[in-house]
Amino acid sequence: MDPHTLTVVTLVAALIAQALAAGLCAEMFARPVQPAGERGIWLALAIGALLAALHHGYTLELAVRTGIFDLRQATLAALSAMLIATAVWGFRRRSP
């Protein structure tokens, strides 16, 4: 697999993982049993994850349309997005 294709695949993985994290955070924000302080934290996490997913989408568009890509940055973005999604999933399971 050439570096451009690998970059596109990792950016798609980053986009999916970050969007999943944003959705889980938004779901936790929508739960009425959360205390007010925790709801604000979940909202901030949801907005931050959504903005990161948007950034991954723009980076993916840049790589696909123009051919400008950076495999190292795409790999770091995918790994960080997957770790964030895993952490959000764990926090979600711990909350009532």
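Is L51 buried or exposed? With a relative accessible area of 52%, L51 is exposed; here exposed means over 50% relative accessible area, buried under 20%, and partly exposed in between, with a 1.4 Å probe and protein chains only.

1. Basis. This is a predicted model, in which local features need pLDDT of at least 70 and side-chain atom pairs count only at pLDDT 80 or more, while totals for chains, interfaces and linings use all residues. Residues are numbered from 1 along each chain as its sequence is written, and side-chain values use heavy atoms, with hydrogens and water left out.

2. Surface patch. L51 is placed in helix α2; helices are DSSP runs (H or I, at least four residues), as are strands (E, at least two), numbered from the N terminus. Together with L43, I47, L54 and Y58, L51 makes a nonpolar surface patch of about 490 Å². Patches take residues with over 30% relative accessible area and no salt bridge, joining nonpolar side chains (Val, Leu, Ile, Met, Phe, Trp, Tyr) within 5 Å and like charges within 9 Å. The accessible areas come from the Shrake-Rupley method with a 1.4 Å probe, and for residues only the protein chains shown count as cover.

3. Largest core. In soluble globular proteins, nonpolar side chains tend to be buried together. The largest nonpolar core has 15 residues, of which A14, A21, C25, W42 and V88 touch the most other members. Two or more residues each come from α1 (3–30), α2 (36–66) and α3 (71–94). Helix α1 gives the largest share of this core, seven residues. A nonpolar core is a set of buried Ala, Val, Leu, Ile, Met, Phe, Trp, Tyr and Cys residues joined through side-chain atoms within 4.5 Å.

4. Not counting residues up to four places away in sequence, A14 touches H56, A77, A78 and A81, where contact means heavy atoms within 4.5 Å. Another core, of five residues, lies apart from the largest one, and V8, L11, A63 and A74 are among its members.

5. T10. This residue lies in helix α1. T10 is buried, at 15% relative accessible area. Its contacts, leaving aside neighbours within four places in sequence, are A74, T75 and A78.

6. Salt bridges from E27. Three salt bridges are found in the whole structure, each a side-chain nitrogen of Lys or Arg within 4 Å of a carboxyl oxygen of Asp or Glu. E27 pairs with R92, the closest N and O atoms being 3.2 Å apart. That pair links distant parts of the chain, with E27 in helix α1 and R92 in helix α3, 65 residues apart. E27 also forms a salt bridge with R31, where the closest N and O atoms are 3.7 Å apart. R92 is buried at 18% relative accessible area, whereas E27 at 33% and R31 at 24% are partly exposed.

7. R65 and E61 form a salt bridge, with 3.2 Å between the closest N and O atoms. The two are separated by about one helical turn because they are four residues apart in helix α2. R65 is exposed at 68% relative accessible area, and E61 is partly exposed at 35%.
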